[in-house]
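Here is a walk through one protein model, strand by strand and helix by helix. Keep the 3D view open as you read.

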Amino acid sequence: MRTLKLFALALFFTMMCQVKSRAQNAPTLVAGIPVNYDESKVGDYILPDPLLKSNGKKVSSRKDWMENRRPEILRIFEQEQFGEGPGKPMEMSFNVFDKGTPAFRGKAIRKQVRIYFTKDTSSNHKMDLVIYVPTNATKPSPLLLALSFSPNSQAIDDPGICPGTVWKDGEKVPATRSAIGKVDVERYISNGIGYASVYYGDIEPDAKDGIRYGIRSVYLKSGATQVGQNEWGAISAWSWGLSRAMDYLETDKSINSNMVAIQGASRLGKTVLWTGSRDQRFAMVIASISGESGAALSRRDFGETVAHMTDTSRYFYQFAPRYHQYSHKVNQMPMDSHMLIALMAPRPLLLQTGSTDFWSDPKGEYLAAQAAQPVYDLFGLEGVGARPFQPPQDDTMLSTLGYYMHEGGHTVLPEDHEVFIRFIMKHFRLD
């Protein structure tokens, strides 16, 4: 046993040496702002206490958390980081143009729904939702809803999917079909889990001028071309679109709307974290490689920072304009990522990262999960524990507040989906 422990320690040390070597090859200057990859230079920081209410009193119970402290934290993130957006539009409508077609050699039933965000169904303000449920399902199916960087026809290998559109020079043009990057939907179907996908570009283009064409333009104040200081950025817009997908899912009798998980990666990992925080209808969140301003601690100076994120040459448009004030003042923020994670309690949350994704700071996500644990403790729920940062491929932390790090970089690997399925089956009790 001692030999095995020594071997494991040696392997971990070797891996960390390799990590350090690869970190040395990462960019050290982004948008004119230095980037730190050296653990010895992270600096000291003190995190806000997620259980300390604004009146100076500590949260005393689950009820106190849900009714008092949780709304306070939610409001802080809404006002200071992601921005306040509108609710459900009164004139939204659904067109189920594919009412149920056999797919994947009869293993699944496919539906396709066009969600119109406004009364004008001829406008660009609409989103296509594709849904698959197991053909042999005898009751409403649990579902993973993925927010995708690609139109549905590019994300899933199914010729029956409507081609969809992509943005080009401010116009929507037909999407071409792709032969790479497909999600293996059959993995989910074979485990009794439905799968659905929406394309984030249907909601708003991912660009500095995306507000001109996306859903936020509909809600701009008269004469305005940009949102106010605490109004919604693009992440809140994409999040709003996920809530509109849930509006439909609640009407579909083939779906168990009490068992809908959402998943997204990178900026879309941030989006699903924010979505699960503000819309408690989503029963689970799987946030992949969400990094800075997602699950990674902002006060920890490692990899991307708030300054990099909100620089006007980069992704300032994804957040409320007010967030930029913290670019070089992160220690003055009234929140940090552990509090965003805590907003999910008591629902299951999986943080999926990559061991060499230094820019996104996988260790920062792990430490944030540990710092959020006191809130999950209120509910008697397990988290990642007090262990030091673990090596990749450790799949023992698929707890209610879970963490999984693959060997590799800023991506979702095919094998990560097996972990997602295990997490869903465990916490939706599908075994």
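**A covered strand and its surroundings**

Start with strand E11, which is mostly covered: five of its five residues are buried. The model is a predicted one. Which residues of E11 lie on each side? Met 284, Ile 286 and Ser 288 are on one side. Val 285 and Ala 287 are on the other. Every one of these is buried, and both faces of E11 are covered. In a regular strand the side chains alternate between the two faces of the sheet.

Now look at the neighbours of E11. Strand E10 (residues 255-265) runs parallel to E11 (residues 284-288), and five bridges join the two. Ala 261 stands opposite Met 284. Ile 262 stands opposite Val 285. E11 also pairs with E12, again in the parallel sense, over four bridges. There, Ser 288 has Gln 352 of E12 as its bridge partner. Strands of a sheet pair through backbone hydrogen bonds, either parallel or antiparallel.

Step back to the whole sheet. Nine strands form an open sheet with mixed pairing, in the order E3-E4-E5-E9-E6-E10-E11-E12-E13. Strand E3 (93-103) and E13 are the edge strands, and each pairs on one side only. From one strand to the next, the twist averages 20 degrees.

Two helices that pack on this sheet come next. Helix H5 (residues 234-249) touches E3, strand E4 (108-116), strand E5 (126-134), strand E6 (141-148), strand E9 (194-199) and E10. The direction of H5 makes about 50 degrees with that of E5. Helix H6 (residues 267-278) touches E6, E10, E11 and E12. The direction of H6 makes about 145 degrees with that of E10. Together, E10, H6 and E11 make a right-handed β-α-β unit.

Finish with helix H9. This helix covers residues 362-378, 17 residues in total. From first C-alpha to last, H9 reaches 26 Å, close to the 24 Å expected at 1.5 Å a residue. Where does H9 bend? The bend is at Ala 372, by about 40 degrees, and Pro 374 follows within four residues. The buried residues of H9 include Tyr 366, Ala 369, Ala 372 and Tyr 376. An α-helix has 3.6 residues a turn, so residues three or four places apart point the same way. What covers the buried residues of H9? The cover includes helix H2 (62-82), helix H8 (337-342), strand E12 (349-354) and strand E13 (401-406). After H9 comes Gly 380, with a positive phi near 70 degrees.

Definitions and conventions. Residues numbered from 1 in each chain as written. Predicted model: local features only at pLDDT ≥ 70, side-chain atom pairs only at ≥ 80, totals over all residues. Heavy atoms only, no water. Expected span 1.5 Å × (residues − 1). Bend = angle between axes of the 7 residues up to and from the residue. Buried < 20%, exposed > 50% of the residue type's maximum accessible area, 1.4 Å probe, protein only. Contact = heavy atoms within 4.5 Å. Pairing = 2+ DSSP bridges. Axes fitted to C-alpha atoms, helices over the stretch in contact; angles between N-to-C directions. Right-handed = clockwise from strand over helix to strand, strands pointing away.
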